[in-house]
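Take a walk through this model, one site at a time. Keep the sequence and the 3D view side by side.

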Amino acid sequence: MNPENRKFLSETMLHKRGIRINLQLPLIESDEEVTLRDTTSLFERLVALWAVTSSAQSGEASYFREYLASHQMTGYLSEKEKSFLLSDQWTEDERNYFSVQKERLFLLAWCAGIQPDIELSLQASNLDKLLRYFPRGMESPDVLRQAINTRSKSKILDWADLLYRVHWAVRHANLIGKTTVGNIRCDIIPEWHHAVNWITCYNEEDNWDMVETDT
């Protein structure tokens with residue numbers, strides 16, 4: 001699908017849901033201009049997000065520290081993630097910051113083909129279906145590694161375009177104090193947008209912590 005058609009379809013979907021549209025937002029890149037992250041990079045990022053988001057939600061990081069260290073995976077963490085996971089004291093803001101990143105894990109798991117479906121809704125994402133691919137004890141993560149079957153670039157870019165335009169509406173809603181737009185939770189969209197921009201190498205940024213979500 002070309003960028004013009006993607007923009008049209010995204011705006012049509014937003015219109016049907018009663019979501020404000022910025023007609024001046026430009027087109028995103030075409031399929032030919034985008035390179036997706038490779039399977040190895042996607043695997044490493046999924047492991048890192050699994051470790052930090054699970055730690056933040058449970059309030060306990062000892063298992064994840066040990067797991068990553070024993071499998072020589074600590075290097076998968078970004079600098080922010082490493083600072084958080086290896087710290088002995090967390091603030092509530094830090095826990096909240098990494099807890100909500102389960103949404104980034106969810107979106108990337110869909111891109112990786114291990115989360116069967118995604119939709120924009122008022123509900124936080126349910127990770128039950130995808131967490132079965134992750135280790136339960138200290139076993140190797142081969143189940144996850146072998147399960148990754150990255151979706152087509154075209155499907156991922158369809159979501160990249162939609163999230164780009166929805167995120168603009170979310171930012172506008174935030175300015176007037178709204179927490180939802182078109183029956184969509186506003187806090188989910190920035191996380192999904194970050195994740196999709198990472199996998200599509202937006203602005204050629206390789207640092208996970210520095211991925212931009214321009215609107």
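**The cysteines**

Start at Cys111, which is buried, with a relative accessible area of 0%. The model is a predicted one. Does Cys111 have a bonding partner, or is its sulfur too far from any other? The closest cysteine sulfur belongs to Cys201, and it lies 12 Å away, too far for a bond. Look at the pair from the other end. From the sulfur of Cys201, the closest cysteine sulfur is that of Cys111, again 12 Å off and too far for a bond. A disulfide needs the two sulfur atoms within 2.5 Å. By this rule, the number of disulfides is zero.

Is Val52 buried or exposed? Its relative accessibility is 0%, so Val52 counts as buried. Which residues does Val52 touch, once its neighbours within four places in sequence are set aside? They are Leu77, Glu81, Phe84, Leu85 and Phe98. Arg65 gives another reference point. Val52 and Arg65 are 13 residues apart along the chain, and their C-alpha atoms are separated by 9.5 Å.

**Two residues with positive phi**

Now turn to the backbone. Most residues other than glycine have a negative phi. Gln72 has a positive one, near 55°. Where does Gln72 lie? Its place is the loop between helix 3 (62-70) and helix 4 (79-85). Gln72 has a relative accessibility of 73%, so it counts as exposed.

Glu204 is also worth a look. Its phi is positive, near 55°, and Glu204 is not a glycine. Find Glu204 in the segment after helix 10 (188-199). With a relative accessible area of 72%, Glu204 is exposed.

**Helix 9 and the glycine after it**

Finish with helix 9. It runs over residues 153-175, 23 residues in total. What span should helix 9 have at 1.5 Å a residue? The expected span counts one less than the number of residues. That gives 33 Å for helix 9, and its end C-alpha atoms are 33 Å apart, so the two values agree. Follow the chain onward. Just after helix 9 comes Gly177, with a positive phi of about 80°.

Definitions and conventions:
Residues numbered from 1 in each chain as written. Predicted model: local features only at pLDDT ≥ 70, side-chain atom pairs only at ≥ 80, totals over all residues. Heavy atoms only, no water. Buried < 20%, exposed > 50% of the residue type's maximum accessible area, 1.4 Å probe, protein only. Helix = DSSP H or I, 4+ residues; strand = E, 2+ residues; numbered from the N terminus. Contact = heavy atoms within 4.5 Å.
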